[in-house]
Amino acid sequence: MTLTVGELGESGVLARVLARLAPAPAALLGPGDDCAVLRPSGELVVTTDTMIEGPDFRAAWHGGFDLGWKLAATNLSDVAAMGARPIGLTLALAVPRDTPVALLEEIASGMNAACCELAPGCGVIGGDLGTAPVLTAAVTALGELAGRPAVTRAGARAGDVVAYAGDLGLAGMGLSLLFAEAADADGTAHARTLPALRAAHPEILAAQLAPAPPIELGAVAAAAGATAMMDVSDSLSIDADRLARASGVRLELDRAWLERGFGLQRGVEVPVPAMLTGGEDHGLLATFPAAVQAAGLPGGFVAIGRVVAATERSEVTLDGAPLQPTGWDPYVVRWPGA
């Protein structure tokens, strides 16, 4: 018999969920009270993100563990992009009353595992449970700067090198594959072919369903002198454009550098268009002074272009030609069946 959240009630669900979560070292007081109490060692950075069943994920494709992992990973990458070390997450989760309690336990286990693997020392420090017509999650992530200034999108300067760390284009390829092979003609997701797809394309689907961004490299890049940095969640072309505009510069991307650095990832051939327009990789786009490039970029970062002074306007180019920002926009893009 499957026990639902409506049958168990909030207190019973909380007890089962909290049992799946390891304590966060920075928390003097963790889940269970009105607030958590933290003792950070430096200034804090804070970010919040939501994921709603339908536009942001499909329950047919995402098991509870993968969903919990992705909820953590996508927020941890935002903290890393500021050059900070993640120290805590909160999760507000609203689900239909007939949701199996086991799903919430799996989500908690996935979040806990992502914290342990991607950001050791970080953990879930609190949150909230509620009801909603579809599964809706909001995660807040906190990080500490350990005495360093935050690395923003606005610091890139002419003469800097543009670099990237993490997967690039794989997650977008995974989403396209799912809609092509694990959805009906109207775009409705199904799980009938999912086991076969996972077996045939493990790296591509893992990048989409349970991304593993290089969280530890955020603080490394900051210590190495990164002048600007951001998480690439919507696509390289969109997020590079945002960085260029924030910094008032032009980013000149090099196709040959992209192909050399990211043409083959995890045994998968990734074409340049997929690198430029695919979203949800959550890698780190950063700029570094030329002196850092000369001495050697931090391990994991690959040079993909250069920063030059903007002439008429801030923009991104590919081999000298203007690059149109294309990728994921929740208010514009509509996946089949969304």
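**Entry 1: helices H2 and H3**

I looked up how H2 (residues 64-81) and H3 (residues 101-118) sit against each other in this predicted model. Their axes come within 6 Å. They cross at roughly 40°. That angle makes H2 oblique to H3, because angles under 35 degrees would count as roughly parallel and those from 65 to 115 as roughly perpendicular. I also noted the hand of the crossing: H2 and H3 cross in a right-handed way.

**Entry 2: the residues that meet**

Which residues of H2 meet H3? I found Gly-64, Phe-65, Leu-67, Gly-68, Trp-69, Leu-71, Ala-72, Ala-73 and Leu-76 on the H2 side. On the H3 side I listed several, including Leu-103, Ile-107, Gly-110, Met-111 and Ala-114. Glu-106 and Glu-117 of H3 also take part. I then sorted the contact of H2 with H3 by class: 13 nonpolar, four polar and two charged residues.

**Entry 3: the whole chain**

Next I stepped back to the protein chain. I counted eleven helices and 15 strands. The radius of gyration is 20 Å, close to the 20 Å that the globule rule gives for 338 residues, so the chain is as compact as a globular protein of that length. The C-alpha trace spans about 65 × 50 × 35 Å along its principal axes.

**Entry 4: burial and contacts**

What share of the 338 residues is buried? I read 50% for the protein chain.

Definitions and conventions. Residues are numbered from 1 along each chain as its sequence is written. This is a predicted model: local features need pLDDT of at least 70, side-chain atom pairs count only at pLDDT 80 or more; totals for chains, interfaces and linings use all residues. Side-chain values use heavy atoms; hydrogens and water are left out. Axes are lines fitted to C-alpha atoms, for helices over the stretch in contact, and angles run from 0 to 180 degrees between N-to-C directions. Helices (H or I, at least four residues) and strands (E, at least two) are DSSP runs, numbered from the N terminus. Angles under 35 degrees count as roughly parallel, over 145 as roughly antiparallel, 65 to 115 as roughly perpendicular and the rest as oblique. A crossing is left-handed if the near helix is turned anticlockwise from the far one by less than a right angle, and right-handed if clockwise. Contact means heavy atoms within 4.5 Å. Ala, Val, Leu, Ile, Met, Phe, Trp, Tyr, Cys and Pro count as nonpolar, Asp, Glu, Lys and Arg as charged, and the others, Gly among them, as polar. The radius of gyration is taken over C-alpha atoms; the globule rule is 2.2 Å times the number of residues to the power 0.38. Buried means under 20% relative accessible area, exposed over 50%, partly exposed in between (1.4 Å probe, protein chains only).
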